[in-house]
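User: I'd like to learn how to read cores and pockets in a model like this one. Could you walk me through it?

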Amino acid sequence: VELINAKKNNIILDACCAPGGKSSLIAANLNNLVQLHCLDINTNRITRTKNNFNRLNVKNVKFMCDNALSFNSQVKYDKILLDLPCSSSGTIRKNPDIKWKLTNVGIKDFQYAQYSILTNLSKLLNINGEIIYSTCSLFTEENEENIIHFLKNYTEFKISDIDVNLPNFIFNNIGGITILPNKYDYEGMFAIKLRKNA
C-alpha cells in the first residue's frame with residue numbers, strides 16, 4: 001500500500017483484490033477520497049470483501065467479478081495493484097507443505113498467468129500511471145524474469161523508484177524489493193513499481 005503512493009481522487013484498480021485488506025487501507029489513508037475498482041474472479045471472495053468494506057466503512061468502491069486475464073474496461077486507471085496468484089514460496093515457514101506441492105510445471109503455469117495478467121491490465125493504465133506488481137514468491141521465474149520480459153516487450157514502461165523509507169537489505173538488483181522469510185521473521189515476497197511513460 002505504501003509503494004502505490006495513492007493520491008486523492010486517483011482511480012485505482014485492485015486486481016485479485018479479495019479479501020480487500022490493501023484497498024481498505026488505501027481508502028482509510030485517504031479518507032475515502034479515492035475511487036476503488038475491486039476485481040476478483042470468485043463471487044464468494046467478492047461477497048467477503050464487500051462485507052469487510054461495510055464493516056470498515058470503505059466508500060467509493062466498484063466491485064467487479066471477472067477474470068483478470070481477460071478483463072477489459074473503458075476506464076483508465078491512475079494506479080493498478082497486482083497482488084498476483086503465485087506459488088506462495090515466500091510463505092514456506094508457515095506453510096511447510098509447499099515444498100512438496102511445488103513442481104517446475106506448476107511454477108511455469110504461475111509465471112505464464114502472472115505475465116498474462118500484467119500484460120492485459122497494463123493496457124488500462126493512464127500515461128504516467130503506475131502498476132505495483134507483487135507476489136509472495138521467491139522464485140525469479142515469477143518475479144524478475146516476468147518483469148524483464150515485460151519491459152523488453154512494452155518499452156513504454158520503466159521501473160519506477162521506490163520512494164518509501166525501507167531497510168536497504170530488502171532492495172533487489174532490478175529496482176524492486178525482495179524480502180526473504182529467514183530474515184527478521186518476515187514473510188517472503190517480491191514487489192516492484194512500473195511506470196507508464198508517454
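Predicted model: local features only at pLDDT ≥ 70, side-chain atom pairs only at ≥ 80, totals over all residues.

User: Where is Asn-10 found, and why does Asn-10 count as buried?

Analyst: Asn-10 is in the segment before strand 1 (strands are DSSP E runs of at least two residues, helices H or I runs of at least four, numbered from the N terminus). Asn-10 counts as buried because its relative accessibility is 11%; buried means under 20% relative accessible area, with a 1.4 Å probe and protein chains only.

User: How do I read a nonpolar core?

Analyst: In soluble globular proteins, nonpolar side chains tend to be buried together. A nonpolar core here is a set of buried Ala, Val, Leu, Ile, Met, Phe, Trp, Tyr and Cys residues joined through side-chain atoms within 4.5 Å. The largest has 25 residues, and Leu-82 and Leu-121 have the most contacts inside it. Elements giving two or more residues to this core include strand 1 (11-15), strand 4 (77-83) and helix 4 (104-122). Helix 4 provides the largest share, four residues.

User: Which residues is Leu-121 in contact with, leaving aside neighbours within four places in sequence?

Analyst: Leu-13, Ala-15, Ala-68, Phe-71, Ile-80 and Leu-82. There's also a second, separate core of 22 residues, with Ile-4, Ala-27, Phe-53 and Ala-191 among them.

User: And pockets?

Analyst: Rolling a probe the size of a water molecule over the atoms shows where empty space is left. On a 1 Å grid over the protein atoms alone, with a 1.4 Å probe, a pocket is an open set of points with protein on both sides within 12 Å along at least five of seven lines; lining residues have an atom within 4 Å of a point. The largest pocket is lined by 23 residues, with Val-1, Leu-3, Ile-177, Met-189 and Ala-191 nearest its centre. Strand 5 gives the most to that lining, three residues.

User: Which residues lie closest to the centre of the second largest pocket?

Analyst: Cys-16, Arg-45, Asp-83, Leu-84 and Pro-85, out of 23 lining residues.

Conventions
Residues numbered from 1 in each chain as written. Heavy atoms only, no water. Buried < 20%, exposed > 50% of the residue type's maximum accessible area, 1.4 Å probe, protein only. Contact = heavy atoms within 4.5 Å.
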